[in-house]
Amino acid sequence: MYPDHVVEQRREQLSGVEPITDEAEANTVLTDYTGVLVVNSVCGCASQTLYPAYDQATIDVPARSVFAGVDDEATSAAREFIDAPPSSPAVAVFKDGSCAEYISRADIMSEDVAAVTMMIDDAVNAIRDDS
């Protein structure tokens, strides 16, 4: 759907994030997952707000991603673990296979980079503090 060079550029903008590219992998990884899942997107709010916020956040837990509009089966499977309407870009923070915190596209679009960074940090801290 999107040119390969655009997809690769967007994947590379999420440093330290390992992509999930198919349904089986999504189900295997997320079943007992504790960490961050980024629902990646080619939209402007991803590149203008989410990527810089993610880079500034303190992510000291595993980080994976699915790519909406690119890896459709992986994205659909991942969304089954998230009790929220489909949204991209988005950040879901998992604890033991359950989505504990969710930052939707609406949240990302309505805030600046600093605020989204704080949302991500707060979500990661919540699962860490819950241990």
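Predicted model: local features only at pLDDT ≥ 70, side-chain atom pairs only at ≥ 80, totals over all residues.
**Reading strands, surfaces and salt bridges**

Visitor: Which way do strands β4 and β5 run, and how many bridges join them?

Guide: They run antiparallel, and five bridges join them. Strand β4 covers residues 90–95, and strand β5 covers residues 98–103.

Visitor: What do β4 and β5 form, and how many residues lie between them?

Guide: They form a hairpin, with two residues between the strands. Look at aspartate 96 in the turn: its phi is positive, about 50°.

Visitor: Is proline 85 buried or exposed?

Guide: Exposed means over 50% relative accessible area. Proline 85 has 61%, so it counts as exposed. It is found in the loop between α4 (72–79) and β4. Now check a distance. The C-alpha atoms of proline 85 and aspartate 4 are separated by 27 Å. Along the chain, these two residues are 81 residues apart.

Visitor: Which residues form the negative surface patch?

Guide: Asp22, Glu23, Asp72 and Glu73 form it. Take aspartate 22: it lies in the loop between β1 (18–19) and α2 (23–30). Aspartate 22 is partly exposed, with a relative accessible area of 34%.

Visitor: How many salt bridges does a search of the whole structure find?

Guide: Five. To read one, look for a side-chain nitrogen of Lys or Arg within 4 Å of a carboxyl oxygen of Asp or Glu. The side chains of arginine 11 and glutamate 8 meet this way, at 3.9 Å from N to O.

Visitor: Where do arginine 11 and glutamate 8 sit?

Guide: Both are in helix α1 (residues 4–13). They are three residues apart, so about one helical turn separates them. Glutamate 8 is partly exposed at 40% relative accessibility. Arginine 11 is buried, with a relative accessible area of 19%.

Visitor: What is the distance between the closest N and O atoms of arginine 11 and aspartate 71?

Guide: It is 2.9 Å, in another salt bridge of arginine 11. This pair links distant parts of the chain, 60 residues apart. Arginine 11 is in helix α1, while aspartate 71 is in the loop between β3 (63–67) and α4. Both residues are buried.

Visitor: Which strands hold glutamate 18 and arginine 64?

Guide: Glutamate 18 is in strand β1 and arginine 64 in strand β3, 46 residues apart. They form a salt bridge, with the closest N and O atoms 3.7 Å apart. Glutamate 18 is partly exposed at 47% relative accessibility. Arginine 64, at 11%, counts as buried.

Visitor: Which residues do salt bridges that share partners join into one network?

Guide: Glu8, Arg11 and Asp71.

Key: Residues numbered from 1 in each chain as written. Heavy atoms only, no water. Pairing = 2+ DSSP bridges. Helix = DSSP H or I, 4+ residues; strand = E, 2+ residues; numbered from the N terminus. Patch = residues over 30% accessible without salt bridge, like charges linked within 9 Å, V, L, I, M, F, W, Y side chains within 5 Å. Areas by Shrake-Rupley, 256 points an atom, 1.4 Å probe, with all protein chains shown as cover. Lys, Arg positive; Asp, Glu negative; His and termini not counted. Charge placed at Lys NZ, Arg CZ, Asp CG, Glu CD. Buried < 20%, exposed > 50% of the residue type's maximum accessible area, 1.4 Å probe, protein only.
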